[in-house]
Each structure stands twice: as structure tokens, then as C-alpha cells.
Amino acid sequence: MTIYIKNEIDLKRGYKTMDWKEDVKEMVYQGRIKVPYTWSVGEVGSRFFIELRDKKKIWGDKCPRCGTVFVPPRKVCSKCYSNIGEWVEVGTKGTLLTFTVVRYKNNLQSRDAPFAYGIIKLDGADTGLLHLLGEVDLEQINIGMRVEAVFGEDRKGEILDIKYFRPLKEA
Amino acid sequence: MERVGIIGVGQTKYEREKRETFGEMVYEVVKKALDDAGITIEDIDNVVTVSNDFWDGRTISCMAVADASGAYGKDTSTVEGDGAFGALYGLMRVLSGAYNNTLVVAHCKGSESYSSAITNAAFDPIYERILGIDAITSSALQAKRYMTKYLLNEEQFAKVSVKNHKNAKNNPFAQLPLDITVDDVLNSRMLSDPIKLLDASPISDGAAAIILSAERQAKEVSQNPVWIKGVGYCSDAYRIGDRDLAEPNSLRRAAKDAYKMASIENPLKEIDVAEVYDAFSYQELLWMEGLNFCRSGEGGKLIDEGVTEMGGELPVNPSGGVISAHPVLVAGLTRIIEAVLQIRGDAEKRQVPNAEIALAHGINGMCGQSHCVWLLGK
């Protein structure tokens, strides 16, 4: 017996997809990919996280040529390609550059929706840091708002050692 | 520089949960592009595939479509990024003089995995990924920054969605042809302020292919080649915190280079139709600013005044755009294909009359880190 495979292509519409599914019950295969990674944090990252964990301080670094202060710190200036060597402590307070209130849930998010992300320009830095906003009325967030870092009690040397940024109550 | 033409194009219908395998989709579009050009696979001497290992769920994902793309016994290499950059690499191969007819084919099936997890993995694993940020939430940060800096409103974003979904009704390949109103968009489910469900592109599956040929060969084949008049490309900083997200600086540079190459001085007047990468409604407005169709902050004015509607001064996304079908990686190549069809007069119900110069645009990276701009003409 000969069975013909329906692989005719209609040049206007593509495969006649309905045809083959009438003939054969289609199968799907469940993948099982799970690959653990261990990433090196590197020299500047390690210093950044140790200061965060042990002293609740946020450090950036400054380009010797164009003067840009980067947070998180990095070894090469993305603007002028200079080697960065100077550490600068930046403030734990800053200004909100933009934000969004997340209304959908997925299992990657570190907290339950609704919650807010912000990009914060810390005092003394020239770049923005992406992080969470907390202790805030989600309907009252605005760009330009002053915020401050709230540190966790049990710090492990990672970005969530800053639990979130909250609105700064100016004295 | 020798002229290079696009001599054949092919695309699948874009759908969620397409039942063909990667290889079957690739074969379909390659066959279509070959038939369109009036040549056979033997006439192709090198193949550029476009794929991403995370989306495909396999390493060296390009190699698995070598047979379907007709690469057996030929030189093949891959671009992991948007198809507009795959086409750029194909163009460079032709211009090197080492290759003749060059096939560029892209495929992706967004529906077979978990989009949010894959776009989350585009972020820095040490400083950002654990926050759960993904394509939608990062774009929301960009949209909020853009509308606050330049005083745009959500109605203007919604108008883009209404226009493009309406245009999609004229495109048999589009996934989401919709008759919707501004209120429908504004009342759709909020995903991440200010992006609502109908401001966002869908999860899509599909493939697309083009064949590039230098003038020396292009004239020997049947279709009238569509000529590449200009190309520009540029990249910005990786971290979204390093950029002012309201300023598409890398697109400005890419567009400037492409316009210079094509001798275009007034893009709004000289370009007849544009296909841009509107993964979210706000992006069409922001990219129009980057493409210098208007000044900074005036993207909203163009949609308010109907400039980009079918029948307007510069129709943008007659195909329905990326918001009506978003096969990741494929979508930039689709923009090029749509521009080719417009120049040839083959765009059927979505044809812009007498289109002589068409622009196609692709992006790579989060919030438009890098851009590739194409100008095509007769």
C-alpha cells in the first residue's frame, strides 16, 4: 500500500495546513531542557556586591576620560571605550527616570503583581539603575520622584540586597 | 558600489500555534522565494539563516534547517538577531564578490515556548534578570518615559493599534486583522502601564525568505529586481538604564546613513511607504521620530493628522505591521518583503499606489537597542 504525504504548497497561501490534520492526528513533544549556569560576576561586580552586602553602600565607577559615572560599575566606558579605574561611591537616594506598574503575573517576577519597576538615577551617577519600587501607592508614582534604597536584612551579595526603592520623605 | 537587487521573496501566513515544524516553514518560504525569482535551488550558492537558540530550544539552531533551506553542499552561516540584520549580512556577502545568488531565511515559533522567559533572558543575568523584567515591562518603561518627556497620550498610541490592525485586514499573511476602536484599545486589559493588550503585538509563528543578487546576475532572472538604494545600521548601549529611552539615537544614525546612501533629503516627502517595527503601538511613533519623518516629540502629531494612514502622505505599515503579526527574528525580514511587494506593485489590497521608494526597518535588542534601515526602489 502507498500512502502519500500531503506536502503541496499553495504559493498564495502556504501549506494546505488543514489537509494533513484531517488525515493524521498530530503529535507534540514536551521538551525537558533545564541547564544550570554559574556566571562569574567579575572584578567590578564582585566589589559592587561586597560593598552592598557588607556596608549597604552603592558604588559606581567613573570614566577617566569623559567623566561618566556608571552604576552598576563596569570596566569599559560604553561611550568612549576608555578603561575605567576609579571607584566612586554614589548615593542610596536618587530620582525616578521612568516606571511601570506591572499588572500581569508570571513565575519570573520576584513579587506578585501588581508591583512597579523603576529606573533610578542615583545621586552622583550618570546612568539609571533598573529595580523594583516598594512601600509606594502604585497610583501615585511619578517621573522625577525622589526615592531611596531599602536594604534587606539578610544580604547575600546580589542585586536584591536592595529590596526596592521607596519614595523619599524629604525632611 | 555594485547595485544589489532583491529578486525573490516568500513568507508564511503568520499564526499562533502553527502546526508545521521549523523545517517545514523554512522549506515553504524558500520554495516560494525561488519560484518568485524564477530560479531553482541550484542557482543559490550560499545561504544565510536567521534563528535563535533560546526560541528554538536547541543549540546551533541554524544547522537543523540546513536541509530545508537547501544549504546542503553550499556555504551557510547564521545571524542570531532580527531578519533585517540577516539581510544586511546577505547583502555584504553579495558585495564581497565571493557570492552570487544569496538566500536569507528566518524562522521562529513564539508559541512553542514561553516568551516572557526568553525575553527575560536577554537581560543581564547578574544585575537585572532576577527582577523578572521582560520585553513587555521594559517596553512599558520606555513608553512611559517617551510619553512623559514629550507629552504624548495613550489615545495616540491606541490610534496606531487601530490603524495597523485595520490595515492587516488587507494582508492575507497577517495574524490579527481587527476592526477595533480607540476605546477598545484603551479598555483592553492593562499589561504594564501604559501598555495594554491591544497595544502589544501577539505571539506568532512563521518564516520568511528573500533572495539577493548582484546586478550582474539579477538581470538574468525573470522578476524585475527591486534595488537596494540605501542601508543604515547602528547600535546603542546594552543596558536600558544607560540610555534615555525617549531618544532613539541609534535609529537616527542608521536612518541618516541610509538616507545619505539613497540621496534622500526629505524622508517624509520622498518616501512613499514605510514598514516599521511596531512591536508595541508607541514604538511606531517613536521610530518615526528616529526615522526623521518628524521632529522629536512629534510622532503623535503624525498619527493625529492621519499622515501615516493608507491614503495619507506617508502610509506606515500597510501590512498591519508587527503589532498584527510578530514572529520574532522574522519580522524585520517581513518588513523588507512587504517593501519589495510595494515597489513591484504586487501588494494587492494593501498596495500604496505608485510606490517608488519604500522604507523597511528592523530592530534588535531591548527597547530598540539597534536598528537597521533599508530603502528600496525601482
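I started with strand E1 (residues 4–11) of chain B, which is joined to E7(B) by seven bridges, the two running antiparallel. I looked up one pair along the way: B:Gly8 has B:Ile211 as its bridge partner in E7(B). This is a predicted model, so I'm reading it as such.

Next I checked what else pairs with E7(B). Strand E4 (residues 101–109) of chain B does, also antiparallel, over eight bridges. Here I noted B:His107, which stands opposite B:Ala207 in E7(B).

Is strand E7 (residues 205–214) of chain B mostly covered or open? Mostly covered: 10 of its 10 residues are buried. I then sorted them by direction. B:Asp205, B:Ala207, B:Ala209, B:Ile211 and B:Ser213 point one way, while B:Gly206, B:Ala208, B:Ile210, B:Leu212 and B:Ala214 point the other way, and all are buried.

Then the annotation. An unreviewed UniProt entry puts "domain: Thiolase N-terminal" on residues 6–215 of chain B. I found the end C-alpha atoms of that span 10 Å apart, with 37% of the span in helix and 20% in strand.

Last entry, the chain contact. I get 37 residues of chain B in contact with 38 residues of chain A. Helix H1 (22–37), helix H4 (115–120), helix H5 (135–150) and strand E5 (190–192) of chain B each supply at least two residues of that side of chain B. Which element gives the most? H5(B), with six residues. By class, I have this side of chain B down as 14 nonpolar, nine polar and 14 charged residues.

Methods: Residues numbered from 1 in each chain as written. Chains lettered and ligands numbered in written order. Predicted model: local features only at pLDDT ≥ 70, side-chain atom pairs only at ≥ 80, totals over all residues. UniProt positions renumbered as here; feature names shortened; annotations may be inferred. Helix = DSSP H or I, 4+ residues; strand = E, 2+ residues; numbered from the N terminus. Contact = placed C-beta atoms within 7 Å. Nonpolar A, V, L, I, M, F, W, Y, C, P; charged D, E, K, R; others polar. Buried ≥ 20, exposed ≤ 12 C-beta atoms within 10 Å, placed from the backbone. Pairing = 2+ DSSP bridges.
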